[in-house]
Amino acid sequence: MQDWYLFTEEIDVRRDGQRGGSMKKNGKKLLALMLAGVMLTACGNKAEVAETKDTTAASGEESQAASDAAEKETAADTQQTDLEGAEVTFWYMPLYEGFDEKMSRDLAQEVKDKYGIILNTEVLTWDAGPEKVTVAMATGATPDLYLDTYSRIAPAIGGGLAADLSATAEELSPLLYDGVLDTGKLNGIQGYIPINLSQGYNITVNVSLAKELGVYDLLPEDKIHWSYEEFLEFCRAAREKGKEQNIYATQLFAGSKSSDSVYYSFLMSGGSGILNGEHTEMAVDEAKAAVTLDLFRTLIEEDLVPAGAATTVDNDIRPNWYSQKLACMFVSTGTGEAVNVKKQIDSGDIQPFDVDIYEIPTPDGKADPHVMSWGSTGFTVFKNNGDETKIEAARKVIQTFLENEVYSQEVCVQTGNSTVLKDLDVDYGDEVLNEQAKRAAASTAAYADSSIGVLEPWWSDFRETFYVQLQSYFTGDKDAEDMIRDWKTSGDEVIAKTLQQ
């Protein structure tokens, strides 16, 4: 613009000399108009250039975005092509009524739509399922994907049967609470990914029945600390007041391996350990364990529990519980039983009653309880014959489950367990239940003990040694000292045999 301005001034000078003043004035006007026009044109050209640059830049960004999207789509298509038709065998026990349908229909359809994976589901029963899985691990007949409690999955991790899920864990980590993935990590291998956090074993009380029988005031005010004598006082009063209605204080069981951690909770709350610090042998305190076992014998001998404790399976207790023939039960984990009761009431299957959660008693009522908890329920992927396509497809099933919040919400609401998803809102539909859930979670955090056994390859076999001894004790064939001695002998044999291999 500056060069053009100097050129026009030179023209003006020449014209002024040739044509005089009037011509000079007219020339200046004309040139001013010409100059203004040229300046506008030049500025317009600059704006067009700038606009062209902006448009080009925007076009480039859009082009790059489109290219990135295309690459992602291509990658997704490639991934789907890689996994298209891959079949994954998936075993699980039903976490709640309707869980099988959620897995076999909804999850199966979702992974098929996303990745082309064919999910072949098989629902196992809680009675026969654990044994089937144990046999499968021993014979190499395991599924590709398995969902269960950590205690039953741990032997697979310890035995080198589980695939490494580190890549899947890394992708999911932004969704999960800190520390969740530490569960299941052994020798640098992420062999397990949890989907929820189990609360420990507690005592669930039928509050409505306790009030009706006039024994509610015998429960501990803080719902945590009560002695064996205080617990027995509650049980005796409930049985006495409810005897004509065939109501018992509670019900014992030793008919299967399930729920054995209830008794470990009692033993540890009583001050006895189970294993030594290195987990190389048993370390039961015989005197303290005998006091706890005597509590159970008293319940049996005083007719405070129904007959047949030695052969009763844990789930066989529920008919008496739901028909309000038991003042309390301890086949319960946190809010789990409160949720079960609410579900049964809402479906119209049982008459309504209120429940609350209390901790396991201790001998003097002053010590804090030990809540046996094996942490969580989650997935493991079996390596089997090392088919990487199957392993990757199984990983994608896990990822799909946890990325869809609907599955986790339903599991939490139906089971009462806590979610592993840090941003998930769970509403149990009842303010009282919501408060109990928080309190149970806090108790688990404060008193939970998951230090024994679960990562040991011998743990599943070790559990088999307990109930056979407890059965003999419940029937009176052995006293507490004999039972503990024989349990320690058989338990140590299992541990030693595994450690020598």
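Guide: Start at asparagine 206, which stands opposite valine 355 in β9. This is a predicted model: local features need pLDDT of at least 70, side-chain atom pairs count only at pLDDT 80 or more, and totals for chains, interfaces and linings use all residues. Residues are numbered from 1 along each chain as its sequence is written, and side-chain values use heavy atoms, without hydrogens and water.

Now widen the view. Strand β7 covers residues 203-206. Four bridges join β7 to β9, and the two run antiparallel. (A strand is a DSSP run of E, at least two residues; a helix is a run of H or I, at least four. Two strands pair if DSSP finds at least two bridges between them.) Three strands make up an open sheet, in the order β8-β7-β9, with antiparallel pairing. β8 (328-329) and β9 (355-358) are the edge strands, each pairing on one side only.

Next, the side chains. The structure holds 21 salt bridges (a Lys or Arg side-chain nitrogen within 4 Å of a carboxyl oxygen of Asp or Glu). In one of them, aspartate 482 meets arginine 485 at 2.8 Å, N to O. Both lie in helix α17 (residues 480-500). They are three residues apart, about one turn of the helix. Aspartate 482 counts as partly exposed because its relative accessibility is 26%; buried means under 20%, exposed over 50%, partly exposed in between (1.4 Å probe, protein chains only). Arginine 485, at 44%, is partly exposed too.

Another bridge joins aspartate 106 and arginine 105, at 2.6 Å, N to O.
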